[in-house]
Amino acid sequence: MKLAVIGAGAVGRSVVDLAGEYGHEVVAVADSSSAVVADGSDGRDAGVDSDAVVARKAERGIVGDDDPDDALAADYDALVEATPTTLGDAEPGFSHVRTALERDRHAVLANKGPVAERFGDLRALVADSAGDIRFEATVGGAIPAVSTVEDIEPGHVTAVRGVLNGTANFILTRMAAEGLDYDHVLAEAQDLGVAEADPSFDVDGTDAALKCVILANVLSFGAADDPDDAREFSLDDAAVEGIRDVPGSALRLAAEDGRTVRLIGEATEETVRVAPRLVPENGTLAVSGTQNIVQIETTHAGRLNISGRGAGGPETASAVLGDVGRLQ
């Protein structure tokens with residue numbers, strides 16, 4: 001497939017870098033201020049120079065000399081939406097996806113905003129388009145959570161829960177292992193690049209909540225006989241509690257009872273909840289460091305567990321490119 005990649009952060013650059021290995025061709029790349037579009041005037045299929053795009057972004061802070069709108073107007077089969085997640089109206093990501101669908105092109109999202117905040121609007125656009133959307137990368141990085149739920153069929157899934165934020169999990173793991181308090185471990189995580197300078201999105205549970213909202217929408221719309229009867233979830237529907245107020249003493253007391261604390265998100269057709277919870281110290285949900293895990297409760301197949309890297313450029317790009325393959 002011919003791809004237009006919108007967003008040149010870690011995920012976007014990794015998609016550009018890895019697309020060829022998956023048999024796809026990148027014909028346009030855009031960041032917030034620039035773009036590069038392949039010149040197809042000679043009639044040959046020739047994509048952009050991926051190495052040059054990545055190098056130019058690193059050296060000059062731009063991907064090319066074209067306008068970002070040129071990438072949206074390029075001749076592509078699927079648009080990859082990899083701009084930063086925004087809440088509320090989910091712009092500009094939502095408009096990028098709308099442009100693709102209105103041109104009867106596919107869209108693959110790594111950006112959580114449009115899927116979490118405007119899922120019903122996306123489904124309405126898909127209904128009027130020859131294109132489709134995929135969004136595996138919005139939930140668990142390299143973990144195939146969405147596709148597994150779809151394969152089982154959402155009507156046969158009663159709940160999806162798990163550890164869905166690597167930063168929060170790293171902090172809780174270190175607090176438990178070393179007997180340290182939150183502020184100390186947060187500073188360490190920031191020094192290591194595991195936590196952002198402003199860690200609110202991760203430690204307050206927002207990131208995990210968005211992922212659970214997306215899963216709740218998959219369950220709700222997937223199980224409904226009529227999409228008009230499905231309940232649409234957004235971040236406002238989630239009950240969210242982060243880890244800032246988890247004291248080191250709570251982890252020490254939990255360890256004496258063979259348990260530990262993890263930030264657990266859970267989605268059903270009716271609820272979305274994210275909060276620190278006690279889990280068995282050697283249990284399935286007690287993954288360590290930046291690892292993530294998704295636990296799927298089913299009506300006939302029991303409990304399924306999938307763990308792996310929930311973030312990172314190449315890891316998330318692998319989910320994006322897997323989705324591109326599903327659209328072929």
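Buried means under 20% relative accessible area. The structure is a predicted model. With a relative accessible area of 14%, Arg-134 therefore counts as buried.

**Arg-134 and strand S6**

- Arg-134 belongs to strand S6, an element that spans residues 133–134.

**Helix H6 and its cover**

- Helix H6 runs over residues 119–127, and its buried residues are Phe-119, Gly-120, Leu-122, Leu-125 and Val-126.

- Ala-35 is part of strand S3, residues 35–37, and is buried because its relative accessibility is 0%.
- Setting aside residues up to four places away in sequence, Ala-35 touches Val-29, Ala-30, Val-63, Gly-64, Asp-65, Asp-66, Asp-67, Pro-68 and Ala-71.
- Val-5 is 30 residues from Ala-35 along the chain, and the C-alpha atoms of the two are 9.7 Å apart.
- Leu-251 sits in helix H13, residues 248–256, and its relative accessible area of 3% makes it buried.
- With residues up to four places away in sequence left out, Leu-251 touches Leu-172, Met-175, Ala-176, Val-246, Thr-260 and Val-261.
- One of these, Val-261, lies ten residues from Leu-251 along the chain, with a C-alpha separation of 6.4 Å.

**Salt bridges**

- The model has 21 salt bridges.
- Arg-174 and Glu-178 form one of them, with an N to O distance of 3.2 Å.
- Both partners are in helix H9 (residues 166–178); they are four residues apart and so about one helical turn from each other.
- Arg-174 is partly exposed at a relative accessible area of 23%, and Glu-178 is partly exposed at 45%.
- Asp-207 and Lys-211 form another bridge, at 2.9 Å from N to O.
- This pair is in helix H12, where a spacing of four residues again means about one helical turn between Asp-207 and Lys-211.
- Asp-207 is buried, at 5% relative accessibility, and Lys-211 is buried too, at 6%.
- Arg-231 is partly exposed, with a relative accessible area of 39%, and Asp-237 is partly exposed, with 33%.
- Elsewhere, salt bridges with shared partners connect Arg-161, Glu-266, Arg-273, Glu-297 and Arg-303 in one network.

**Negative surface patch**

- A patch of negative charge on the surface is made up of Asp-17, Glu-21, Asp-49 and Asp-51.
- Glu-21 is located in the loop that connects helix H1 (10–18) to strand S2 (25–30).
- Glu-21 is exposed, at a relative accessible area of 67%, because the term exposed applies over 50%.

**Backbone features**

- The peptide bond between Glu-91 and Pro-92 is cis, with omega at about 5°.
- Pro-92 is in the loop between strand S4 (78–81) and H4.
- Asp-104 is not a glycine, yet has a positive phi of about 60°.
- Asp-104 is located in the loop between H4 and strand S5 (106–109), and is partly exposed at 43% relative accessibility.
- Glu-153, also not a glycine, has a positive phi of about 90°.
- The loop that holds Glu-153 runs between helix H8 (145–152) and strand S7 (157–163), and Glu-153 is partly exposed at 47% relative accessibility.

Notes. Residues are numbered from 1 along each chain as its sequence is written. This is a predicted model: local features need pLDDT of at least 70, side-chain atom pairs count only at pLDDT 80 or more; totals for chains, interfaces and linings use all residues. Side-chain values use heavy atoms; hydrogens and water are left out. Patches are made of residues with over 30% relative accessible area and no salt bridge: like charges are joined within 9 Å, nonpolar side chains (Val, Leu, Ile, Met, Phe, Trp, Tyr) within 5 Å. Accessible areas come from the Shrake-Rupley method with a 1.4 Å probe; for residues, only the protein chains shown count as cover. A salt bridge is a side-chain nitrogen of Lys or Arg within 4 Å of a carboxyl oxygen of Asp or Glu. Lys and Arg count as positive and Asp and Glu as negative; His and the chain ends are not counted. The place of a charge is taken as NZ of Lys, CZ of Arg, CG of Asp or CD of Glu. Helices (H or I, at least four residues) and strands (E, at least two) are DSSP runs, numbered from the N terminus. Buried means under 20% relative accessible area, exposed over 50%, partly exposed in between (1.4 Å probe, protein chains only). Contact means heavy atoms within 4.5 Å.
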